[in-house]
Amino acid sequence: MSKAQETVLEIDFSALTHNFNYLKSKLQPDTKFLAVVKAFAYGSDSVAVAKHLETLNVDYFAVAYTNEGVALRDAGITTPIIVLHTQPVNFKTLIERCLEPSIYNANVLTEFIKTAETLSQKNYPIHIKFNTGLNRLGFKENDIDTIVSKLKNTNSIIAKSLLSHLAASEDANELDFSNLQINRFRAIAEKFKDQIGYKPWLHLCNTSGILNYPEAHFDMVRSGIGLYGFGNSDKEDKNLKPIASLKSVISQIHNIEKDETVGYNRAYISKGFERTATIPIGHADGISRIYGNEKGYVIINGKKAYIIGNVCMDMIMVNVTNIDCKEGDEVVIFDSTNVASTIAESAGTISYEILTAISQRIKRVFKP
Ligand SMILES: *Cc1c(COP(=O)(O)O)cnc(C)c1O
């Protein structure tokens with residue numbers, strides 16, 4: 001790619017293909033692959049990523065909210081899409097746009113049946129979410145009687161799948177808890193199947209689940225972070241390739257004297273003669289103020305330049321006293337060698353957060 005001349009997020013489709021194939025290689029041949037493309041495909045570009053994954057024959061997509069699914073349909077995505085976190089206010093839109101809800105409690109189920117019946121639906125596919133220990137969304141095992149009787153009372157909907165979500169699939173210290181969740185899910189699935197009389201698909205594993213619990217892949221797996229190049233462990237990070245690189249440029253260099261201050265609230269005070277570089281990316285772009293005051297850094301000509309003072313809305317200033325650089329030089333915030341997970345660690349957070357925070361105002365450029 002040519003050097004960045006403004007702030008850009010580069011998205012590497014060959015890395016995406018690599019990650020998809022790597023994760024697929026961990027599955028049985030008949031296990032379906034759902035790609036999680038919520039939150040702009042983890043801060044990248046949900047439409048471009050979904051289109052690329054369609055060319056790789058992905059089986060399903062998932063988003064968190066209805067409007068994210070609508071955006072994919074508007075862009076011509078035809079693969080089935082699960083909306084993980086539905087709200088009754090969106091049910092009409094959801095059906096009109098052929099989006100499939102994950103249903104997590106009795107009230108939401110009742111409301112969805114009402115809407116499906118009003119819109120004269122037959123066997124509209126829904127996905128039933130069970131809470132096996134995350135305590136976030138989902139029915140409990142003892143809700144099965146209620147769910148089954150509601151389903152048997154209508155032909156407007158059908159339970160296409162049952163799902164649950166692991167609380168700590170990346171954490172080897174939580175092996176017992178993950179196994180407990182897997183066993184609870186199996187028991188729920190058995191009971192549900194016996195009562196309803198057919199066998200919905202089952203899916204439980206996110207990326208770390210795919211990698212760490214091969215016995216729990218069931219009929220489909222749901223991968224997000226792995227597709228974007230992170231495996232939640234040093235070992236698995238090596239097998240994956242980050243798809244997104246965030247790059248910028250030096251807008252201006254200042255030579256400052258000892259005891260001058262830099263930025264808002266005069267938070268940085270120079271220790272001697274120093275050089276600073278101003279970069280056009282700020283907290284409105286996803287570089288949290290937490291990275292300010294020498295917690296975070298960028299890479300300029302292969303060297304770390306620490307962020308000095310407070311992160312501004314649209315800019316950061318970095319210390320380039322010991323870096324040979326000039327105005328117009330490229331700046332790397334993260335890429336495939338200076339990975340987002342390491343930068344995230346400098347601020348006590350995780351790859352998921354730094355990636356999804358990247359603002360939509362940053363231009364996306366695509367590398368085939
Ligand atoms: C976000 C999400 C996923 C994807 O998790 P990763 O760790 O990114 O692979 C899977 N399932 C559900 C229910 C989710 O909310």
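Among contacts in the protein between residues at least 6 apart in sequence, what percentage join residues at least 24 apart? I found 66%. Contact here means heavy atoms within 4.5 Å.

Ground rules next. I am reading a predicted model, where local features need pLDDT of at least 70, side-chain atom pairs count only at pLDDT 80 or more, and totals for chains, interfaces and linings use all residues. Residues are numbered from 1 along each chain as its sequence is written, and side-chain values use heavy atoms, with hydrogens and water left out.

**Overall.** I looked up the secondary structure and got 12 helices and 19 strands. These are DSSP runs numbered from the N terminus: helices are H or I with at least four residues, strands are E with at least two. The C-alpha atoms fill a box of roughly 80 × 40 × 40 Å along the principal axes. Of the 368 residues, 54% count as buried. Buried means under 20% relative accessible area, exposed over 50%, and partly exposed in between (1.4 Å probe, protein chains only).

**Cavities.** I searched the whole structure and noted three cavities of 30 Å³ or more. A cavity is a set of points on a 1 Å grid over the protein atoms alone where a 1.4 Å probe fits but cannot get out; lining residues have an atom within 4 Å of a point. The largest cavity holds about 60 Å³, a volume being the space filled by probe spheres set on the points, which are joined across faces, edges and corners. Its lining includes Ile 287, Tyr 291, Gly 296 and Ile 354.

**Asp 285.** I found Asp 285 in the loop between β14 (274–279) and β15 (297–300). Is Asp 285 buried or exposed? Asp 285 counts as buried because its relative accessibility is 3%. A polar atom of its side chain lies 2.8 Å from the backbone nitrogen of Gly 282. Leaving aside neighbours within four places in sequence, Asp 285 touches several residues, among them Met 313, Asp 314, Ser 359 and Arg 361.

**Positive phi.** Most residues other than glycine have a negative phi. Asn 265 has a positive one, near 60°. Phi of Arg 266 is also positive, near 50°. Asn 265 is exposed, at 64% relative accessible area. Arg 266 is exposed too, at 55%.

Terms used. 1 Å grid on protein atoms, 1.4 Å probe; cavity = no way out; pocket = protein on both sides within 12 Å on 5 of 7 lines; lining within 4 Å. Polar contact = N/O pair within 3.5 Å; in protein donor to acceptor, adjacent residues only side chain to side chain.
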